[in-house]
Amino acid sequence: MTTREPKIPGPDHPITIEATGVRVVARVGTHVVADTTRALTLREANYPPVQYIPLDDVDRTLLTDSTTRTYCPYKGDASYYGLALADGVRADAVWFYPEPYDAVADIAGHVAFYTDQVDVQTGA
């Protein structure tokens, strides 16, 4: 594997992570995929905020392994899961950083969902 130098968040590319502070529920249709009061909200530059949910609060029986990997110079190497539901598998609907860079270390052990595949609601 190539050694990559992480980029450090700053004024040109800010990243903040804070406790969401309310219940967060992730659903596909009526099926609850995750339900937590321990989510973290990650805000990065001009991107929409992302809810990172502790893996312990996700229905792991729905997760399917994926070989997809991507890289973010600010967060590190991302891995993915699919979601296996009665109507089929939603490939790569979930991502996580197994070993996030120090600047975003709080998201370790958390997953996020693509909101075009999973309905993620705060204050649910």
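Okay, let's begin with one term: two strands count as paired if DSSP finds at least two bridges between them. Keep in mind that what we have here is a predicted model.

So, the sheet. Seven strands make up an open sheet, and going across, the order reads S1-S4-S5-S9-S8-S7-S6. The pairing in this sheet is antiparallel. At the edges sit strand S1, residues 15-19, and strand S6, residues 63-72, and each of those pairs on one side only. If you compare neighbouring strands in this sheet, they are turned by 35° against each other on average, direction ignored.

Let's walk across part of it. S1 and strand S4, which covers residues 40-44, run antiparallel and are joined by five bridges. If you want a place to look, find threonine 16, which stands opposite arginine 43 in S4. Further along, S5 and S9 pair in the antiparallel sense, over two bridges. There, proline 54 stands opposite histidine 110 in S9. On to S8 and S9: two bridges join them, and they run antiparallel. In that pairing, tryptophan 95 stands opposite alanine 112 in S9.

As a general point, nonpolar side chains in soluble globular proteins tend to be buried together. In this model, the largest nonpolar core has 20 residues, and the ones that touch the most other members are Ile53, Val58, Leu83, Val94 and Phe113. Which elements give two or more residues to this core? They are strand S2 (24-28), strand S3 (31-36), strand S7 (76-85), strand S8 (88-96) and strand S9 (110-113).

Now for the aromatic rings. A pair of aromatic rings is described by the distance of the centres and the angle of the planes. The count here comes to five aromatic pairs. One of them is tyrosine 52 with tryptophan 95, which is edge-to-face, with 6.2 Å centre to centre and 90° between the planes. Why does this pair tie together parts that are 43 residues apart in sequence? Because tyrosine 52 lies in strand S5, residues 50-54, while tryptophan 95 lies in strand S8. Both tyrosine 52 and tryptophan 95 are buried.

Tryptophan 95 also forms an aromatic pair with tyrosine 114, and that one is tilted: 4.6 Å centre to centre, with 45° between the planes. Tyrosine 114 lies in the loop between S9 and strand S10 (119-122) and tryptophan 95 in strand S8, so this pair ties together parts that are 19 residues apart in sequence. Tryptophan 95 has a relative accessible area of 11%, so that residue is buried. Tyrosine 114, at 32% relative accessibility, counts as partly exposed.

One more ring to look at: arginine 4 lies over the face of tyrosine 71, at 3.9 Å from the ring centre.

Last topic, the backbone. Most residues other than glycine have a negative phi. Alanine 45, though, has a positive phi, near 45°. Where is alanine 45? In the loop between S4 and S5, and with a relative accessible area of 32% alanine 45 is partly exposed. Aspartate 92 also has a positive phi, near 50°. Aspartate 92 is found in strand S8, and is partly exposed too, with a relative accessible area of 22%.

Histidine 13 lies in the segment before S1 and counts as buried, at 11% relative accessibility. The C-alpha atoms of histidine 13 and alanine 45 are separated by 5.0 Å, although the two residues are 32 residues apart along the chain. Leaving aside neighbours within four places in sequence, histidine 13 is in contact with Glu44, Ala45, Tyr47 and Tyr74. Thanks, everyone!

Technical notes
Residues numbered from 1 in each chain as written. Predicted model: local features only at pLDDT ≥ 70, side-chain atom pairs only at ≥ 80, totals over all residues. Heavy atoms only, no water. Helix = DSSP H or I, 4+ residues; strand = E, 2+ residues; numbered from the N terminus. Axes fitted to C-alpha atoms, helices over the stretch in contact; angles between N-to-C directions. Core = buried A, V, L, I, M, F, W, Y, C linked by side-chain atoms within 4.5 Å. Buried < 20%, exposed > 50% of the residue type's maximum accessible area, 1.4 Å probe, protein only. Phe/Tyr/Trp six-rings, centres within 6.5 Å; stacked < 30°, edge-to-face > 60°. Lys NZ or Arg CZ within 6 Å of the ring centre and 35° of its normal. Contact = heavy atoms within 4.5 Å.
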